[in-house]
Amino acid sequence: MIRTLLHIAASLLMMIWTAAPITRAEEPAVRPVTVSYMAGGGTAHVADAYLSPFPTAGWGTALIYERAQALRSRPDLWSGLMAASLNLSRGHTTGTPNGTMWGASLSMQLAALRKFKPLPGDIRLAFGPQIELIAGAHYRPANGNNPVGAIASLTAGITARAARLTMIGRLPVDFSFRPSLQLTGMFLAPAYGQLYYEIYEGDSSGIVRFAWPGNHLIYSHLLAADLRFGATALRLGYSLRLSTREASHLAVNTASHLFVVGITTDFFTIDRRRQRPSAGAPTVFAF
């Protein structure tokens, strides 16, 4: 069941990404690209019952990379998104001298977004499927036997984006909001006291679970303002990420609130075998 669902989601994304090009007469020579490099810092809250029954609170930080590009097949309708983030956190349980917990994870996303006609007020919208892979761990030095709790999941869900370009004085500012919701897939969920050495030795029955909103849910969003100085913009934003999983009578809940600063660059990839679009051709956005 899990493999079937993930195979369907992956096949859908690959069909969109690798769709046959439209005819030469219709295909624009220019495909817009938007690349963002971001760093974030703020607060992180972690409750990992595999390591401790007590929640922790502290700081969190992240390095984030995003690349959006109009797809070759239909640049006017579809955009592809690749994103990766490296996250680090350190929290402490209030009232305990040895309640420190570290967290580190790497997440990678692949999405295809269908663009729609702008709404009144020139609001641009896009919506589509997304796949996310997460790998990492929580580490609690005070635990002698089991100091590490692994984080691993492969999920499919949906993502969207709403954006509006406006002027603040003479400065163009592009406001955007991109939420994501992971709905199904699979995740790692060892039982309480189950050592990873035992798993390595073969005691691995039931540690990989089917994910659905009742036992595993990930929500995130990025609210950003891009202050545009030509083709390069200064990005200021707020990133929220919430995740929850519950299996084997154990719950792992995390939340991070990060203030984000970054650089966003717009450019074009050009197929030199074809002519550029005419001067009167409509503008095509990466998103």
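Biologist: Let's start with the second largest pocket: by class, how many nonpolar, polar and charged residues does its lining have?
Modeller: Bear in mind that this is a predicted model. The lining includes Tyr65, Met82, Leu110 and Leu154, and Gln109 and Glu132 are in there too. Sorted by class, the count for this pocket is 9 nonpolar, 1 polar and 1 charged.

Biologist: Which elements each supply at least two residues of that lining?
Modeller: Read through the lining and you'll meet Met82, Ala83 and Ala84, then Met108, Gln109 and Leu110, then Ile131, Glu132 and Leu133. Strand β3 spans 78–92 and β5 spans 123–139, while β4 covers residues 100–115. The elements giving at least two residues each are therefore β3, β4 and β5.

Biologist: And how much space lies in the second largest pocket?
Modeller: Its lining takes in Ala83, Ala84 and Leu133, among others. The space in this pocket comes to about 150 Å³.

Biologist: Moving to the cavities, what volume does the largest cavity have?
Modeller: The structure holds 4 cavities of 30 Å³ or more. The largest of them is lined by 47 residues, and by class that lining splits into 21 nonpolar, 21 polar and 5 charged. The volume is about 790 Å³.

Biologist: Which residues lie nearest the centre of the largest cavity, and which element gives the largest share of its lining?
Modeller: Nearest the centre you'll find Asn87, Ser105, Ser107, Arg241 and Ser256. Ser107 has its place in strand β4. With 7 residues, the largest share of the lining comes from β4.

Biologist: Which residue joins its side chain to that of Ser107 in a polar contact?
Modeller: Leaving aside neighbours within four places in sequence, Ser107 touches Ala83, Ala84, Ser85, Asn87, Glu132, Leu133 and Ile134. One of these sits 22 residues away along the chain, yet its C-alpha is separated from that of Ser107 by 5.4 Å. Side chain to side chain, the polar contact is 2.7 Å, and the partner is Ser85.

Biologist: What about the second largest cavity: which elements give two or more residues to its lining?
Modeller: About 50 Å³ of space lies in this one. It is lined by Tyr50, Ala189, Pro190, Arg245, Ala247, Leu250 and Val252, with 6 nonpolar, no polar and 1 charged by class. The elements giving two or more of these residues are β10 (232–247) and β11 (250–270).

Biologist: On to the rings: how is the aromatic pair of Tyr37 and Tyr65 classed?
Modeller: A search of the whole structure turns up 3 aromatic pairs. For Tyr37 and Tyr65, the centres are 5.4 Å apart with 50° between the planes. The pair spans 28 residues, from Tyr37 in β1 (residues 30–48) to Tyr65 in β2 (residues 56–70).

Biologist: Is Tyr65 buried or partly exposed?
Modeller: Tyr65 is also among the residues lining the second largest pocket. Its relative accessible area is 29%. That value lies between the 20% and 50% cut-offs, so Tyr65 is partly exposed.

Biologist: How is the pair of Tyr50 and Tyr196 classed?
Modeller: The two are 146 residues apart, with Tyr50 in the loop between β1 and β2 and Tyr196 in helix α2 (residues 196–200). Tyr50 is buried at 6% relative accessibility, whereas Tyr196 is partly exposed at 26%. The ring centres are 5.8 Å apart and the planes stand at 70°, so the pair is edge-to-face.

Biologist: Last one: leaving aside neighbours within four places in sequence, which residues is His216 in contact with?
Modeller: His216 belongs to strand β9 (residues 216–229). With a relative accessible area of 6%, His216 is buried. Its contacts beyond those neighbours are Ser153, Thr155, Phe187, Ala211, Thr244 and Arg245.

Methods. Residues numbered from 1 in each chain as written. Predicted model: local features only at pLDDT ≥ 70, side-chain atom pairs only at ≥ 80, totals over all residues. Heavy atoms only, no water. Helix = DSSP H or I, 4+ residues; strand = E, 2+ residues; numbered from the N terminus. Contact = heavy atoms within 4.5 Å. Polar contact = N/O pair within 3.5 Å; in protein donor to acceptor, adjacent residues only side chain to side chain. 1 Å grid on protein atoms, 1.4 Å probe; cavity = no way out; pocket = protein on both sides within 12 Å on 5 of 7 lines; lining within 4 Å. Points joined across faces, edges and corners; volume = space filled by probe spheres on them. Nonpolar A, V, L, I, M, F, W, Y, C, P; charged D, E, K, R; others polar. Phe/Tyr/Trp six-rings, centres within 6.5 Å; stacked < 30°, edge-to-face > 60°. Buried < 20%, exposed > 50% of the residue type's maximum accessible area, 1.4 Å probe, protein only.
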